[in-house]
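Please read the following note alongside the model.

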Amino acid sequence: MAQPLVSIVIPVYNGADYLNETIESALAQTYDPIEVIVVNDGSTDEGATATIAKQFGDRIRYFEKENGGVSTALNLGIEKMRGEWFSWLSHDDLYTPDKIAHQIRLLDRIGPRQSETILSCGTDLIDEVGRPIQRLRKRTKGFYTSDQMFDYLLLEACLSGCALLVPKRAFEEVGLFPVNYRYIQDWVLWVEMALAGYDFLVTTNPYVKSRVHPKQQTKRIADVAPIETRRFFEQLLQRLESHSKQKKTVFRAIYRSTTPDVREELMTRYEGHSILSHRDQMWLQGRSYLYHRALSIYRGVMNLRYR
């Protein structure tokens with residue numbers, strides 16, 4: 001049986017510091033066949049990023065575009081990809097050599113729903129020079145139905161975009177990365193894919209090294225996250241049927257991911273008080289307080305240590 005072509009898409013903007021190592025990690029995959037697509041999102045570093053990418057010649061497929069943000073760069077890569085499966089690699093992150101091979105092997109266990117299943121592996125953190133960063137975290141694994149993953153994404157955590165292997169047909173059915181979000185675009189898309197009926201197979205094997213460094217785009221635009229999260233919750237509440245299980249999940253997520261004033265506004269406007277019991281609301285409010293306190297402490301420690 002022929003092995004499917006996997007397209008590794010690397011969006012980059014002013015990424016000269018790490019791009020060479022990132023591309024090398026993509027080309028070093030033990031799985032074959034792959035193609036590596038690098039999309040230069042209008043870098044303004046006097047050609048430094050372009051020079052690094054072009055030195056790989058025909059070992060990669062290289063495209064340049066006007067700056068439009070990571071979603072637009074990813075979307076161009078998806079439009080240009082020839083593979084059946086999509087794998088995103090940020091320009092400052094790394095794959096271990098067996099990332100793709102591990103996930104392709106898992107496809108054989110899935111059976112007839114291969115093309116309706118998204119795979120996710122574990123990640124490790126590294127600092128700006130590649131040293132491991134230790135962190136406490138909950139490692140989740142197993143098979144998730146689409147409904148289970150919808151709940152997980154809203155109530156537990158997002159999946160790392162670079163850890164995923166996504167069938168191309170998922171983009172053809174659901175759409176590409178939303179360009180009207182700058183911070184939560186990947187989370188929004190995974191939620192949409194879960195709503196569309198895609199299942200997820202999650203493993204904890206760390207085949208991705210995610211780099212933490214001061215120049216990360218996500219650090220510079222972190223202030224837009226709560227604004228975008230609120231907007232997405234509103235869109236979900238407008239779309240989902242009243243008193244559906246999924247709508248109840250959104251109201252529970254509002255307690256976890258919004259400030260008290262935003263929470264009360266959304267609960268009132270979309271009649272959340274009639275969907276969640278008073279007891280549930282009191283429990284969620286207490287849990288939200290403890291969660292945000294713990295998150296604040298964790299982020300403070302990480303910022304002090306790795307700023």
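The numbered points below begin with the basis of the model and then turn to its contacts.

1. This is a predicted model, in which local features need pLDDT of at least 70 and side-chain atom pairs count only at pLDDT 80 or more, while totals for chains, interfaces and linings use all residues. Residues are numbered from 1 along each chain as its sequence is written, and side-chain values use heavy atoms, with hydrogens and water left out.

2. Helix 7 (residues 185-195) and helix 9 (residues 225-239) have axes that come within 12 Å and cross at roughly 15°; helices here are DSSP runs of H or I with at least four residues, and strands are runs of E with at least two, numbered from the N terminus. Axes are lines fitted to C-alpha atoms, for helices over the stretch in contact, with angles from 0 to 180 degrees between N-to-C directions. Helix 7 and helix 9 are therefore roughly parallel to each other (angles under 35 degrees).

3. In this packing, Trp-187, Val-188, Val-191, Glu-192 and Leu-195 of helix 7 meet Thr-229, Phe-232, Phe-233, Leu-236 and Arg-239 of helix 9, where contact means heavy atoms within 4.5 Å. The residues of this contact of helix 7 with helix 9 comprise seven nonpolar, one polar and two charged (Ala, Val, Leu, Ile, Met, Phe, Trp, Tyr, Cys and Pro are nonpolar, Asp, Glu, Lys and Arg charged, and the others, Gly among them, polar).

4. Helix 9 also packs with helix 11 (residues 260-269), their axes coming within 11 Å and crossing at roughly 10°. The contact is made by Arg-230, Phe-233 and Glu-234 of helix 9 with Val-262, Glu-265, Leu-266 and Arg-269 of helix 11, and by class it has three nonpolar, no polar and four charged residues.

5. The structure holds nine aromatic pairs, a pair being rings of Phe, Tyr and Trp (its six-membered ring) with centres within 6.5 Å, where planes under 30 degrees apart are stacked, over 60 edge-to-face and the rest tilted. The rings of Phe-171 and Phe-177 have centres 6.1 Å apart and planes at 35°, so this pair is tilted. Phe-171 counts as buried at 4% relative accessibility, and Phe-177 is buried at 2% (buried is under 20% relative accessible area, exposed over 50%, partly exposed in between, with a 1.4 Å probe and protein chains only).

6. The rings of Trp-187 and Phe-232 have centres 5.4 Å apart and planes at 75°, so the pair is edge-to-face. This pair links distant parts of the chain, with Trp-187 in helix 7 and Phe-232 in helix 9, 45 residues apart.

Methods: Angles under 35 degrees count as roughly parallel, over 145 as roughly antiparallel, 65 to 115 as roughly perpendicular and the rest as oblique.
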